[in-house]
Amino acid sequence: MSGAEKIAVKVTEIVPLNDLVTRFKFERVDGGLLPTFSGGAHTVVEMQDGDITRLNPYSLMSDPMDQTAYTISVRRDDEGRGGSLFMHTRVALGDEMVISYPVNLFSLDLRAKKHLFVAGGIGITPFMAQIKQLERFNGHWELHYACRTPALGTYGDELRAHHPNETRIYYDDQDQRINLADLLEGQPLGTHVYVCGPKGMIEWVRNTAQADGWPREAIHYEEFLAPKPGKPFEVKLAVSNKVIQVGEQESLLEAMEREGVDAPYLCRGGACGQCETSVIDYAGNFIHRDHWLDDAEHDSGEKIMPCVSRFEGKTLVLDR
């Protein structure tokens with residue numbers, strides 16, 4: 001990995017939580033302590049899938065101060081590119097794997113008077129660590145968690161048992177909905193809102209809060225975008241003096257890594273900005289899928305985020 005530093009770990013626990021989600025525990029191979037992290041951090045898990053190296057980010061959900069182990073929860077995605085299926089079907093107890101040092105792009109703003117958490121589905125995982133962090137310091141928080149059914153409400157029972165006054169769960173199959181407008185309206189001054197879940201939920205919370213006059217710095221969100229397949233395309237890398245082919249099932253970032261080109265990253269999901277790359281020349285159309293560049297930067301044709309974005313056309317020359 002040319003992003004964060006690596007840690008060699010072994011899998012010491014695999015717990016299926018429901019039909020879609022399985023929890024994995026990692027401990028260091030050398031028996032040492034893992035780095036502490038702050039709630040909201042993620043690690044990038046390296047998977048050797050035949051000739052393909054998959055690198056997927058997963059939120060850390062264990063106690064940030066527990067240095068003996070990390071835990072993540074992985075939702076199986078049968079329509080994805082194979083990372084979650086690899087974790088669900090190929091990883092066994094005792095396996096040795098490589099993960100990155102924790103990176104936090106979704107940290108708590110500890111200046112906030114109160115933390116309002118809005119989670120959807122597997123988006124509950126970063127909040128598990130954030131809640132543990134806040135409980136340690138008697139922080140003020142509340143959680144509103146939407147999931148499809150009680151059976152798929154990962155960690156719902158645990159949260160309600162330990163934090164009955166702070167936790168509210170909504171089930172789609174019972175037609176329960178978060179009344180977001182009233183929820184935001186009733187918060188004390190100095191509250192920050194955090195949302196993690198499906199893209200539609202993130203946009204809904206961000207747009208509703210902004211329309212309600214919430215300051216931008218009080219609205220926090222996290223969504224790791226999986227690179228989507230697309231038509232193969234060719235790229236010239238000016239600094240490396242290479243011409244590479246990007247396959248339909250791989251990202252531009254993965255293609256560069258496959259060819260031995262050093263390309264930095266922290267999230268691999270279009271959120272951190274670390275892999276931002278300047279465009280030297282192009283003839284064609286960009287397919288921008290990141291959260292990092294703004295609309296004007298997307299329209300300029302001067303930058304691309306190789307982790308999630310693609311290109312269709314004859315010529316693409318990058319400053320790599």
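This is a predicted model: local features need pLDDT of at least 70, side-chain atom pairs count only at pLDDT 80 or more; totals for chains, interfaces and linings use all residues.

Reader: In what order do the five strands lie in the open sheet?

Author: The order is β10-β9-β8-β11-β12, with parallel pairing. Strands (E, at least two residues) and helices (H or I, at least four) are DSSP runs numbered from the N terminus, and two strands pair if DSSP finds at least two bridges between them.

Reader: Which strands stand at the edges?

Author: These are β10 (167-171) and β12 (219-222); each has a single partner strand, so one side of each lacks a neighbour in the sheet. From one strand to the next the twist averages 15 degrees. Axes are lines fitted to C-alpha atoms, for helices over the stretch in contact, and angles run from 0 to 180 degrees between N-to-C directions.

Reader: How many bridges join β8 to β9, and how many join β9 to β10?

Author: β8 and β9 run parallel and are joined by six bridges, with Trp-141 in β9 as the bridge partner of His-115. Five bridges join β9 to β10, also parallel, and there Leu-143 has Thr-167 as its bridge partner.

Reader: What makes the β-α-β unit with β8 and β9?

Author: Helix α2 does, and the unit is right-handed: with the strands pointing away from the viewer, the path from the first strand over the helix to the second runs clockwise. β9, helix α3 (residues 156-162) and β10 make a right-handed unit as well.

Reader: Which strands does helix α5 touch?

Author: Helix α5 (residues 199-211) packs on the sheet and touches β8, β9, β11 and β12, its direction making about 170 degrees with that of β12. Contact means heavy atoms within 4.5 Å.

Reader: Changing topic, which aromatic residues form a cluster?

Author: Ring pairs link Phe-106, Phe-117, Phe-127, Trp-141 and Tyr-194. Rings of Phe, Tyr and Trp (its six-membered ring) pair if their centres lie within 6.5 Å; planes under 30 degrees apart count as stacked, over 60 as edge-to-face and the rest as tilted. The count by this rule is nine aromatic pairs.

Reader: Is Val-195 buried or exposed?

Author: Val-195 is buried, with a relative accessible area of 0%, and belongs to strand β11. Beyond residues up to four places away in sequence, Val-195 touches several others, including Phe-106, Phe-127 and Tyr-221.

Reader: And what does Arg-136 contact?

Author: Leaving aside neighbours within four places in sequence, Arg-136 is in contact with Asp-63 and Met-65. Arg-136 lies in helix α2 and counts as partly exposed at 43% relative accessibility. The C-alpha atoms of Arg-136 and Met-65 are 9.6 Å apart, although 71 residues separate them along the chain.

Note on methods:
Residues are numbered from 1 along each chain as its sequence is written. Side-chain values use heavy atoms; hydrogens and water are left out. Buried means under 20% relative accessible area, exposed over 50%, partly exposed in between (1.4 Å probe, protein chains only).
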